[in-house]
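Look over the model below.

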Amino acid sequence: MKYGHFDDAAREYVIETPATPLPWINYLGSEDFFSLVSNTGGGYSFYRDAKLRRLTRYRYNDVPGDEGSRSYYLSLMSDSSDSATPIETWSPTFLPTKTALDEYRCRHGLGYTVFEASKHGISSELTMFVPVGANAEINSLTITNTTDKAVTLDVTGVVEWCLWNAVDDSTNFQRNLSTGEVEVERDDERTVLYHKTEFKERRNHYAFFSLNAPTIGFDTSRDAFLGRFNGWDTPQAIAAGKLSDSIAHGWSPIAANRVRLELEPQESKTLVFTLGYIEVPDDQKWESDAHSGIINKKPAHELYARFDTAEKVQQALDQLAEHWNGLLHTYSVESGDERLDRMVNIWHQYQCMVTFNMSRSASYYESGTGRGMGFRDSNQDLLGFVHLIPERARQRILDIASTQLDDGSAWHQYQPLTKRGNADIGGGFNDDPLWLVASVYAYLAETDDASILSEATPFNNEDGSEQPLLEHLRRSVNFILNHRGPHGLPLIGRADWNDCLNLNCFSSTPGESFQTVENNDTGIAESVFIAGMFVLYGSQYADIVERYGTQAGMDAEAISEEVAAIRSAVEEMKQVTESAGWDGEWFIRAFDAYSHPVGSHENDEGQIYIEPQGMCVMAGIGVESGKAQQALSSVKEKLTGEWGTAILAPAYSTYKIELGEISTYPRGYKENGGIFCHNNPWISIANALVGNDDEAFAVYRRNCPAYVEDKSDIRRVEPYVYCQMVAGPESATPGEGKNSWLTGTAAWTFVNVSQYLLGVHPTLEGLSVEPHLPQDFNDLTVTREYRGATYHIAMKRTGERTLTVNGQRLEGHVVPSAMVSEADRSDNDNKVAVEVTF
């Protein structure tokens, strides 16, 4: 591996060259303020919403890529006089100057990134992080003179402001080039540059970029800083060795601070740059009154003062480490396989946290300018996150449910800032409602907190529409039952999980959105995949009602009637799927608007799809009849290769107007035959459930980043997190990864490896322990915090499945929560000893 390595003890990935195949990024922040940072310092920052509260600019299609936003320049000066000139300038992150460094390392850790570099005997350590509970990104830069002579070094830190709305910022130039406004606050101890564009109008927020040292210059005008014909690699101000104290009036405002350091041999000095976000009440916006135009800087001063020394920064870093230590203690494994352990104990769960925060809204591939939080996406993300911070998962469920429509359907996305449905994307994705059942079941299985079911929750966020959350689940399930097609299978609507399978679109107009246009909604196109979902999550809904109906205010008769009705509907759907949805050797994917099968041997292309094989078997369909095993055998034979299991085969070679976007991609890419990592875990889980333990683990490891780290030249994306898609076997570039970080793969893979392969699975009744591991795993230990107790689970291969809890042999594989009483917990320091053989 020539790009870097895992440091498991530090829980870091260490990148040893800036020339990675693609920018390898990290996420900073876990609450409201977030930043993205690449291994060359690129990225951007925002508050809660990457579209509506973007602080810094990022140019996705820029060439060369990944420049701007935050830039640091270290200039070795000829002397310490006012007329000193730069001998050479470099960046501690390599970009933007591209000056060759004598040493370089980038360490991506949990919520922080550290750049270590040296040039001309000057070493630097730049630490970037978002402190817990702070709306700020801290950039702490320590400079050390390792030479035997004194040196003069000028340090310049720059951010480029985005004018808040990222879409408007990149399009509305006739307005924006006149609106940029700044303020400057400069004294003997600090310089703070404020971005207050539109503050006097309808905004109650501003941003600032500060330095905790006296400066020798600043700039707030990009034109003044860069000069004509220059990019961020060669700014005029850096070449001249002097900033001009420019004030931006419109055009492109920036914040650049420059400080001069006199360093004796072996001397170190630390500078703290702070990028902060401030909101103030409307009646407290101004220092005196609106006519003064001087913003109320008191909250900015308070935020700045929290991190204005190296000691305070270190305390904040220690707090961040404690935050992650607490989260990752919830689930851990010692398996003897370092790759499995590092993924389960660190990177799987870290990526689950990031996807929970971001959904699909803000990455290097998702620009944050269109998509908000996905209804389906966020519910799935919660499956991999709920064990970490259940209270945040609870609130997320209520936020998602509040956007649901009163007929049980849903807006496909909502904006995180406003929590309103995104009408530009619309709804009608008929799988969406059932994902709400999945997330609520996961929350209840984790916490046993039935109070959430009684929580008054609006539909479409309309006042007066509030109903208990249980009613939202009821309407989700009934929406599927009320929207079925000719075979009795669920109607697909605009699409199901596969957004690109648009069976009612029939688009022939360039630029027309496949996901918002309906040119032929006949009410005929059906989804076998949603049928599998209904069997799985309809059953979970019945379990919820049966166990918690009384606590949710239902009487015994109503509970009995509803449970019986739902289970009858589930059984009916199961039978329909096994008959109308079976193609002979695998499950059909769908029926199109003409009731022709999709994903059938009758088709010349797209004969078999991965989604129904995974979901239907996960739901238990075909297990007794042998169809489940046959479907999985077909998946292995027809879809599975070196890099994973493709989404379909053979790929489509021509545009199929009746299928939609799926057939527009080149063969082997994205939904047209790519390896969609998101649903590979479904196949792994399905194999585990029917006893194919070796294949279940093989599916997992084929595209697990730690197991393919040595193939990074081919895969290209980060070797520590999952990507959405790997180019499939029919593509021109098999194995090439795209769209890393924000993908449902994160949650589903953690669910797979933690709950099915390792087998530690929360249920409504208690913790189930039933591992499904290949022959080379014999002894391992899982530690799991669950419902107030810590379970130490020792697993040993004997060929016989047994379960012993605190020395007591139990039948089955579930440790009942009632068995782990409060008394037992206090006597055993909240610890439960579980021994499992398999």
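## Domain layout

The centres of domain 1 and domain 3, taken over C-alpha atoms, are separated by 50 Å. This is a predicted model. The domain assignment of the protein chain gives domain 1 as 21–322, domain 2 as 327–622 + 654–674, and domain 3 as 760–837.

UniProt, in an unreviewed entry, places the feature "domain: Glycosyl hydrolase 94 supersandwich" at residues 11–306.

## Helix H10

Helix H10 covers residues 432–447, 16 residues in total. From first C-alpha to last, H10 reaches 24 Å. That is close to the 22 Å expected at 1.5 Å a residue.

Is H10 largely enclosed or open? Buried means under 20% relative accessible area. In H10, 15 of the 16 residues are buried, so the helix is largely enclosed by the rest of the structure. Asp-448 follows H10, and its phi is positive, near 65°.

## The largest pocket

The largest pocket holds about 960 Å³ of space. It is lined by 41 residues, and those closest to its centre are Tyr-441, Leu-536, Gln-540, Tyr-756 and His-761. By class, the lining has 24 nonpolar, twelve polar and five charged residues.

Which elements each supply at least two residues of this lining? They are H10, helix H12 (528–548), helix H14 (610–618), helix H16 (680–689), helix H19 (745–757) and strand E35 (760–762). Domain 2 and domain 3 each give the lining of the largest pocket at least three residues.

## Pro-762 in strand E35

Strand E35 contains Pro-762. Pro-762 counts as buried because its relative accessibility is 7%, against a cut-off of under 20%. Pro-762 and Tyr-441 are 321 residues apart in sequence. In space, their C-alpha atoms are 10.0 Å apart.

## The second largest pocket

What is the volume of the second largest pocket? The value is about 600 Å³. Of its 30 lining residues, the closest to the centre are Glu-366, Arg-371, Asp-499, Lys-670 and Gln-724. By class, the lining of the second largest pocket divides into seven nonpolar, 14 polar and nine charged residues.

Key: Residues are numbered from 1 along each chain as its sequence is written. This is a predicted model: local features need pLDDT of at least 70, side-chain atom pairs count only at pLDDT 80 or more; totals for chains, interfaces and linings use all residues. Side-chain values use heavy atoms; hydrogens and water are left out. UniProt positions are given in the numbering used here, feature names are shortened, and annotations may be inferred rather than shown by experiment. Domain bounds come from an automatic or database domain assignment. Helices (H or I, at least four residues) and strands (E, at least two) are DSSP runs, numbered from the N terminus. The expected span of a helix is 1.5 Å times one less than its number of residues. Buried means under 20% relative accessible area, exposed over 50%, partly exposed in between (1.4 Å probe, protein chains only). On a 1 Å grid over the protein atoms alone, a cavity is a set of points where a 1.4 Å probe fits but cannot get out, and a pocket is an open set with protein on both sides within 12 Å along at least five of seven lines; lining residues have an atom within 4 Å of a point. Grid points are joined across faces, edges and corners, and a volume is the space filled by probe spheres set on the points. Ala, Val, Leu, Ile, Met, Phe, Trp, Tyr, Cys and Pro count as nonpolar, Asp, Glu, Lys and Arg as charged, and the others, Gly among them, as polar.
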